[in-house]
Amino acid sequence: MGRISRTTSYAIASSMQENQQFCITCTTFNILAPIYKRLNHEDQSSRESEYRVHWLARNHRILDWLMYERSSIICLQEFWVGNEELVNLYEKRLSDAGYINFKLGRTNNRGDGLLIAVQKEYFTVVNYKELHFNDCGDRVAQLLHVELAFPFSQYQNSDIRQQILIVNTHLLFPHDSSLCLVRLHQVYKILQYVESYQKEHQLKPLPIMLCGDWNGSKHGQVYKFLRSQGFVSSYDTAHHYTDADAQKWVSHRNHLGNICGVDFIWLLNPDKYQKLLQTSWSEAVFDMFKCLLRRASLSESDAFAFLKADNEDCITYSGFCEALQQLNLIGHCHGLSVEETKDLWIQADIDGNGVIDYKEFLQQIWNPTGSSERDDKKNEQHDNEPNGNDEEQTIGFNVKNAVLFPPEVEKGRWPEDYSLSDHARLTVVFSPIRMPCNQRNS
């Protein structure tokens, strides 16, 4: 494989900048903190952070590319907040280039964290919030509420609201299967926080961009959960990939040497219908529950027998809890809480008689397709509704283009001569559009 030339990279960056008079760009990039970067795979104890010349040169190169692309929004993960020289380097280069930036370290002084930056000429910052998950991964998220500014002058003399909510995060790596629930919890907390923020500030639905390293592929529960809430993967949208197209592209080679697609910029437009967040959450946990049972080669009837009480033809709450514990979903510090377990039970016990029969088990736990089908029809209905002049209008976004760098990853390959990070850089071009402001939840 040939080296990635500067000419090739310039061509990619230039293609992102074409016809952007009325567009904004967003870049997400896990820049691999020097405290985690191994210099020699044979010597697992050697880290780049021990060699200033190495980490400084690499981060100068990262900044050179970021400054060349000059995305309107930049979201970085594994930003080395614990090193003052590196922090000052980024803050100065970004500030000199016209960016407002915010950094956030992980809890318990883990050394790395997040950085989000927006161009002053494109955005006015309305508010900035920090979210600490306070879980076993010490992960965090940033929420930035911005309003569009120049060059979106075509909307400035109208009553069209021009605000966006941007989230930057880095989810926990699933070192074992028990941590999949932690990751799902982290996304649930983000969506709960975004929902409560909009209610607290009495905001009608705004476009939401969720950026970051999600540490999970299109096969995982996090992906399914976000899709169930109406979010679309910007890269997949730009390339007309479906949810089933999981092997078309990659964005990360992890410490085990595996390559997968984990870096996303999710978009939720304000006219997109959403099912209730708690309903999506319950369905996601039940889907995880079902996957665990299927791994044990249990059919739907076997699974019901596993859950139901002895000598009974139904599932009791105590039997339900016992099954959750056997599947490692409760009974430890990062499992489901007592309240969450009760909420799941209430969701499954449709008639509220205190037990779950086989029909309820199939409808609510094993194959809860009814609500999904209704949501698909509702989304189609919203998408086909005309933009009447009497409706309140807001700003939304179309995905115009999306590019991963290095280019080989777009074909599902990882180039051996790529040394900027162990993640690819994802940049998406969005064009603002008018759209009706519908209530998302119903």
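This is a predicted model: local features need pLDDT of at least 70, side-chain atom pairs count only at pLDDT 80 or more; totals for chains, interfaces and linings use all residues.

Me: How many helices and strands does the protein have?

Reply: Helices (H or I, at least four residues) and strands (E, at least two) are DSSP runs, numbered from the N terminus. Here there are 12 helices and 18 strands.

Me: What share of the residues counts as buried?

Reply: Buried means under 20% relative accessible area, exposed is over 50%, and partly exposed is in between (1.4 Å probe, protein chains only). Of the 442 residues, 54% are buried.

Me: Which residues touch the most other members of the largest nonpolar core?

Reply: In soluble globular proteins, nonpolar side chains tend to be buried together. A nonpolar core is a set of buried Ala, Val, Leu, Ile, Met, Phe, Trp, Tyr and Cys residues joined through side-chain atoms within 4.5 Å. The largest one here has 115 residues, and Ile166, Leu210 and Phe430 touch the most other members. Helix H7 gives this core its largest share, nine residues. As for contact, that means heavy atoms within 4.5 Å. Leaving aside neighbours within four places in sequence, Ile166 has contacts that include Ile73, Val118, Leu144 and Met209.

Me: How do I check the length of a helix, say H2?

Reply: The expected span is 1.5 Å times one less than the number of residues. H2 (residues 52–69) has 18 residues and reaches 26 Å from its first C-alpha to its last, close to the 26 Å expected. For H4 (residues 179–200), the 22 residues should span 32 Å, and the end C-alpha atoms are 31 Å apart, which agrees. Buried residues of H2 include Trp55, Leu56, Arg58 and Asn59.

Me: How do H8 and H11 cross?

Reply: Axes are lines fitted to C-alpha atoms, for helices over the stretch in contact, with angles from 0 to 180 degrees between N-to-C directions. Angles under 35 degrees count as roughly parallel, over 145 as roughly antiparallel, 65 to 115 as roughly perpendicular and the rest as oblique. The axes of H8 (residues 300–307) and H11 (residues 358–366) come within 11 Å and cross at roughly 105 degrees, so the two helices are roughly perpendicular. Among the residues that meet are Phe304 and Leu307 in H8, and Phe361 and Trp366 in H11.

Me: Which backbone angles should I look at?

Reply: Most residues other than glycine have a negative phi, and most peptide bonds are trans. Arg70, not a glycine, has a positive phi of about 50 degrees; Arg70 lies in the loop between H2 and strand S4 (73–79). Arg70 counts as partly exposed because its relative accessibility is 33%. Asn215 also has a positive phi, near 50 degrees, but Asn215 is buried at 7%. The peptide bond from Phe405 to Pro406 is cis, with omega near 10 degrees.

How values were computed. Residues are numbered from 1 along each chain as its sequence is written. Side-chain values use heavy atoms; hydrogens and water are left out.
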